Protein chains: 2
Amino acid sequence: MPQTLADLETPIPVVDLDRLARNLDRAAGYATAHGLSLRPHVKTHKSPVIARQQLDRGAVGLTCATTHEAEVMSEVCDDILVAYPPVGAPRARRIARLPTHARVTVALDSTAALQAIAAAAKDERREIGVYVELDLGMRRVGLSNLDAAIALAREAIGRPHLRFDGIAFYPGHVREPVARQAKSLATLDAALSAAVEAFTRAGLRPTTVSGGSTPTLWRTHELSAVTEFRPGTYVYNDRTTASIEACAWDDCAFTVLATVVSTAVPGQAVIDAGTKALGREPMRGAEGEGFGALLDRPDVVVARMSEEHGVLDLSATSWRPEVGQQVRVVPNHVCVVVHLNDVIIGARGDVVATTWPVTARGRAFDL
Amino acid sequence: MPQTLADLETPIPVVDLDRLARNLDRAAGYATAHGLSLRPHVKTHKSPVIARQQLDRGAVGLTCATTHEAEVMSEVCDDILVAYPPVGAPRARRIARLPTHARVTVALDSTAALQAIAAAAKDERREIGVYVELDLGMRRVGLSNLDAAIALAREAIGRPHLRFDGIAFYPGHVREPVARQAKSLATLDAALSAAVEAFTRAGLRPTTVSGGSTPTLWRTHELSAVTEFRPGTYVYNDRTTASIEACAWDDCAFTVLATVVSTAVPGQAVIDAGTKALGREPMRGAEGEGFGALLDRPDVVVARMSEEHGVLDLSATSWRPEVGQQVRVVPNHVCVVVHLNDVIIGARGDVVATTWPVTARGRAFDL
């Protein structure tokens with residue numbers, strides 16, 4: 001194994017192990033302090049190596065989006081939430097066939113999804129829990145009509161292989177800087193409380209109320225009804241997370257190590273990290289140009305990209321990197337970057353300490 | 001193996017085999033008709049299965065960007081161009097260690113890159129060819145100063161393990177619809193002719209002049225000095241290629257098969273293809289909103305995305321898909337979508353005919 005980052009072929013993702021541990025500790029500490037159940041979303045790291053560290057620090061279970069994530073995580077965890085509509089017989093079947101040691105729950109918002117998972121659960125003779133998904137402002141999935149949501153919960157209760165476990169929502173529309181989220185969270189809290197009240201009046205008091213994101217992580221306790229939260233990005237953080245102040249710049253644990261491959265065109269330097277290494281995620285809910293920024297020079301951004309080229313805009317800096325020089329790029333959105341890679345380097349400073357596979361990357365279709 | 005697309009778990013890429021064959025035939029026919037050498041860029045398909053079909057139709061060799069692409073393609077091809085600066089000892093070493101049956105050429109624009117590949121070639125005791133990369137308007141990599149370019153060619157000639165094979169450029173800045181490229185191509189032709197003339201005056205007449213892209217594919221012959229061209233996207237095509245009329249909509253061979261997973265939020269339908277299945281590439285050099293369009297309903301686009309969710313905007317159509325219904329999405333930029341996947345489905349109509357692995361996806365680092 002190479003001993004230092006300078007020995008590595010690039011582009012390659014590098015995680016600062018000390019920052020990772022600090023990020024994991026801080027979220028676990030927050031959950032404990034507020035009596036909340038932390039059920040991290042694995043979409044960010046897609047690795048049982050990191051999942052185990054989350055579980056060791058008290059996570060009650062894991063959240064997955066894809067069937068492959070659920071399969072991989074069931075090797076290290078016995079409580080899996082698939083926070084994704086179990087639509088389509090192949091998907092529902094794969095969920096129902098997860099190892100039987102695992103308690104499995106799905107989130108859904110339609111009768112069609114409920115029928116699909118009920119049929120698969122019946123075929124596999126196992127019980128599967130259901131969260132009814134609510135739309136509390138994200139406008140992506142979820143029911144906003146509470147009567148319809150309650151009716152769906154009743155449908156779940158009426159199926160012998162399903163459990164009604166509670167309600168779920170995703171506050172992904174709350175993107176203000178943490179210090180300015182009070183109004184959005186108050187609106188959300190009111191909507192959530194009304195939902196819980198309606199379910200309770202209908203005799204369906206939800207035992208679990210599942211929500212949360214990394215941007216709202218540190219104020220989750222202001223949503224009084226929430227019992228469990230599902231942040232993902234907090235393990236690594238990224239440029240967006242830092243810009244909305246849900247982490248400090250020094251909490252960004254994940255970078256793409258890249259090399260300057262050309263300075264032939266004046267005013268810029270080209271690195272070997274383009275869209276196939278960084279994704280093409282814009283900054284959201286925050287000021288900021290470009291598709292990533294240098295860890296040591298956050299004012300230098302990846303301004304343009306091709307598939308294997310990233311163009312560093314040097315017009316506002318006197319810094320002039322040389323061809324061959326390495327840089328570390330903090331991506332705008334780390335989750336999509338992890339999904340581009342098969343292996344992660346774990347480093348302390350410039351020293352390579354370990355590597356781990358992104359085991360749950362891809363789909364692992366059985367064709 | 002599932003028999004029809006309806007049996008497949010989604011999201012999964014599906015290639016129409018008849019369209020693929022037609023696309024391959026047409027480009028090969030164009031090359032023959034104009035006496036041009038076709039050296040396709042494999043970045044689009046990353047598969048030796050497709051590469052072999054290109055070579056069987058007369059391609060003179062293959063173009064690669066990454067070392068992993070070059071390694072994989074050397075299994076089916078004995079003439080590999082790495083059209084990427086061979087910067088950094090690990091990258092240069094990996095190129096120099098390609099199987100010896102392969103003729104290897106690199107494109108570069110700096111003394112640093114030349115030194116790196118010369119050192120690796122010397123260590124491995126093999127000869128490596130050099131194209132001097134010119135910037136003819138793309139402003140990404142390449143020299144625009146012809147004296148500097150000629151000096152770099154002389155440096156290559158002065159190294160015992162390097163060959164000077166010619167000049168290369170990438171006309172990626174020409175993005176107009178094909179019928180309106182005359183002016184851009186005339187400008188490019190003049191610049192290219194001036195470059196060839198300068199090299200020839202210096203006693204370095206380039207035996208190969210390598211350029212070309214999919215948008216300019218069908219007018220490559222208007223660049224009088226070009227001897228070989230390197231289109232990639234033409235094998236599959238995509239929404240951008242169709243919109244600039246370098247292919248017809250019916251030439252789009254590649255789609256992402258997806259499933260409607262939620263219609264709970266009015267005015268939209270949510271499919272299971274988000275940024276982790278479609279990438280987040282904008283339309284470039286062309287009108288068009290969204291991140292992909294439905295093959296059978298090009299007016300319905302993926303308007304918003306999360307990692308595993310794509311939101312179909314239904315505001316301008318009376319079509320109302322149901323939860324569970326499959327759709328096929330033509331992505332904006334197919335090359336980044338292929339890079340997200342491990343396997344491709346080959347279909348005729350709705351029937352699954354074959355599958356093949358995306359063998360050169362990822363980086364295959366030896367850690």
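Chain A is divided into domain 1 (5-12 + 241-357) and domain 2 (17-237), with bounds that come from an automatic or database domain assignment. This is a predicted model, in which local features need pLDDT of at least 70 and side-chain atom pairs count only at pLDDT 80 or more, whereas totals for chains, interfaces and linings use all residues. Residues are numbered from 1 along each chain as its sequence is written, while chains are lettered from A and ligands numbered from 1 in the order in which they are written.

Taken over C-alpha atoms, the centres of domain 1 of chain A and domain 2 of chain A are separated by 31 Å. Across their boundary, 22 residues of domain 1 of chain A are in contact with 24 residues of domain 2 of chain A, contact meaning that the C-beta atoms, placed from the backbone, lie within 7 Å. On the domain 1 side, the elements that give two or more residues are α8 (239-243), α10 (334-338), β16 (343-348) and β17 (351-357) of chain A; helices (H or I, at least four residues) and strands (E, at least two) are DSSP runs, numbered from the N terminus.

The composition of two contacting sides is tabulated here, with Ala, Val, Leu, Ile, Met, Phe, Trp, Tyr, Cys and Pro counted as nonpolar, Asp, Glu, Lys and Arg as charged, and the others, Gly among them, as polar.

| Side | Nonpolar | Polar | Charged |
|---|---|---|---|
| Domain 1 of chain A, touching domain 2 of chain A | 14 residues | four residues | four residues |

Within chain A, helix α4 (residues 89-96) and helix α5 (residues 111-124) pack at an angle of about 45°, with their axes 8 Å apart; axes are lines fitted to C-alpha atoms, for helices over the stretch in contact, and angles run from 0 to 180 degrees between N-to-C directions. Residues of α4(A) that meet α5(A) include Ala92(A) and Ile95(A), and among their counterparts in α5(A) are Ile117(A) and Ala120(A). The residues of this contact divide into nine nonpolar, no polar and three charged.

Between the chains, 53 residues of chain B are in contact with 53 residues of chain A. The elements of chain B that give two or more residues to this side are α4 (89-96), α5 (111-124), β10 (254-262), α9 (275-278) and α10 (334-338). Because 100% of the interface residues of chain B are also interface residues in chain A, the copies meet through the same surface.

Technical notes
Two residues are in contact if their C-beta atoms, placed from the backbone, lie within 7 Å.
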